[in-house]
Amino acid sequence: MAATVCLRCDWTGTTSSSTCPRCGAPLYARGDATSKNVPFEASGSEPNGSERRWRGWIATVLVVVLAAAAFVTIEFFTPSKAPPPPPATGFEGYLVYAAPDEDHERLWVWDLAAGTIQPGPEIRAAPTALVSTYAVQDSWIGLTTPAGAGTSAASVLRSAAASADPVELGKGEFVAWSDGGAFVTLLRSAPLAGCREQMQVRTVSLVARISATSLDRSVCGRRIGLMRDSFSPYVIVRAGGVSIDRVSAHRLTAILRGYEPLGVSTNGDFLVLDTDGETGMFYPSPGATRPTMIGLHGQPFRATRLLAWSTDGNVAYVVGSIGGVHGVFAITVGPRPQPGAPSLVFRTSNNAVSASITSTNDLFLVADGVVRFARDGALSDAMAPPAGAPQPSGPLLWVLSLPYSPSVTP
């Protein structure tokens, strides 16, 4: 019997059958198989078991090498894994606020990243304003505190250490800080005969370490307020009606009459109230004499207090109400010819709300002693205070870093 081969299962041997005893496929004579390019050696001899094992090892090694090359290639061209993102709220920096400490007032410093609290400087009275002087290289903390006899004192803290003492810049019936704390303006007055008062407006530059008087003259009317933007101070005078007057070169120039201001943005735009308590925005421009009123679906918005401006002065955060809803609202006021509709940030019936804007235009706010955080219209749950932290009261201030320059005098 001639040697035969199966082309299906590679069986070889001698048999009298014409079909493969293993798989049933037709068998071929070994010579025919060679002529049909069966993959044997040129001699036509069958590979033995050791040769087959050797070929198997070669194939395995090739597969491993190809797989390793593919892995290295993928790793090389695939970007390294990005670091884990920061917390959704991105808490960083410090919250500074005042609270009683035994028989006096003290500032407290909440380290948001570490979740700890530490006592800050002792102050003479509960502040009415806390300001970040980030426009000054030394980044002090500015504060306004009652000073008795109907006056307030403007001071700076050059360190947040508990042993630091405030450095007083001046006193006046009214104190107004510019955004960033580059300037602080003080107004003092003395009654004269009839309707007249002697008004003095003095501005201290924390950057240049100088002060200058921009108004010292007799004015008919009673001063009822002071505010300032990045460039000028404004005196609010009541003389029959309310007038907002810019102070410049020892003169008062009327900007708007008949409306009471709640605040002025860094861009010089005024948030005002009319005689009915409705809220509007006044954009000073040639020929402008009336504000654009703020409302939603025909209902007027009634603000009671300005909390903060965004860093670009384009969004005002205020306490107010509309349509029976009371709380903290955000109002987009620029850059545009008229303000947008108020958007509710936090609903509360409490008017005693404090807030502070961050460098990324997020908002920390305190209501009923509870701190919350708002970003892009989303409000966090109550933030758990650090162990031993007193309850915040009065103004709130967020700063990215704490001041430390005790050897420099303003």
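Student: A disulfide is a pair of cysteine sulfur atoms within 2.5 Å. How many does a search of the whole structure find?

Tutor: The search turns up one disulfide. Cysteine 195 and cysteine 220 form it, with sulfur atoms 2.0 Å apart. Keep in mind that this is a predicted model, where local features need pLDDT of at least 70 and side-chain atom pairs count only at pLDDT 80 or more, while totals for chains, interfaces and linings use all residues. Residues are numbered from 1 along each chain as its sequence is written, and side-chain values use heavy atoms, with hydrogens and water left out.

Student: Why is the disulfide of cysteine 195 and cysteine 220 called left-handed?

Tutor: The torsion about its S-S bond is about -125°, so the disulfide is left-handed.

Student: And where do the two cysteines lie?

Tutor: Cysteine 195 lies in the loop between strand 12 (183-191) and strand 13 (196-205), and cysteine 220 is in strand 14 (residues 210-220), so the pair ties together parts that are 25 residues apart in sequence. Helices (H or I, at least four residues) and strands (E, at least two) are DSSP runs, numbered from the N terminus.

Student: How many helices and strands are there in the protein?

Tutor: The protein has two helices and 33 strands.

Student: What share of the residues of the protein count as buried?

Tutor: Of its 410 residues, 45% count as buried.

Student: New topic. How many salt bridges does the structure hold?

Tutor: Seven salt bridges are found in the structure. A salt bridge here is a side-chain nitrogen of Lys or Arg within 4 Å of a carboxyl oxygen of Asp or Glu.

Student: What lets side chains pair like that?

Tutor: Side chains of opposite charge can pair when their charged atoms come close.

Student: Give me an example. Which residue does glutamate 168 bridge to?

Tutor: Glutamate 168 pairs with arginine 124, and their closest N and O atoms are 2.7 Å apart. Glutamate 168 lies in strand 10 (residues 167-172), while arginine 124 lies in the loop between strand 6 (116-123) and strand 7 (129-132), so this pair ties together parts that are 44 residues apart in sequence. Glutamate 168 has 37% relative accessibility and counts as partly exposed.

Student: And what about glutamate 173? Which residue does its side chain meet?

Tutor: Its side chain meets that of arginine 223 in a salt bridge (3.3 Å, N to O). Glutamate 173 lies in the loop between strand 10 and strand 11 (174-177) and arginine 223 in strand 15 (residues 222-228), so the pair ties together parts that are 50 residues apart in sequence.

Student: Are glutamate 173 and arginine 223 buried or exposed?

Tutor: Both glutamate 173 and arginine 223 are buried.

Student: Next, glutamate 278. What does its side chain meet?

Tutor: It meets arginine 302 in a salt bridge (3.7 Å, N to O). Glutamate 278 is in the loop between strand 20 (270-273) and strand 21 (279-282), and arginine 302 is in strand 25 (residues 302-309), so the pair ties together parts that are 24 residues apart in sequence. Glutamate 278 is partly exposed at 22% relative accessibility, and arginine 302 is partly exposed at 35%.

Student: Which residues are linked in a network of salt bridges?

Tutor: Asp101, Arg106 and Glu122 are linked that way.

Student: Let's turn to contacts. Where is asparagine 314 placed?

Tutor: Asparagine 314 sits in the loop between strand 25 and strand 26 (315-322). At 15% relative accessibility, asparagine 314 counts as buried.

Student: What does asparagine 314 touch, leaving aside neighbours within four places in sequence?

Tutor: Contact means heavy atoms within 4.5 Å. On that basis asparagine 314 is in contact with residues including Asn267, Ile331 and Pro335. The C-alpha atoms of asparagine 314 and aspartate 269, 45 residues apart along the chain, are separated by 9.3 Å.

Student: And threonine 266, where is it found?

Tutor: Threonine 266 is in the loop between strand 19 (260-264) and strand 20. With a relative accessible area of 15%, threonine 266 is buried. Leaving aside neighbours within four places in sequence, its contacts are Asp179, Asp229, Ser230, Thr311, Asp312 and Gly313.

Student: Among contacts between residues at least 6 apart in sequence, what share join residues at least 24 apart?

Tutor: In this protein the share is 41%.

Technical notes: Buried means under 20% relative accessible area, exposed over 50%, partly exposed in between (1.4 Å probe, protein chains only).
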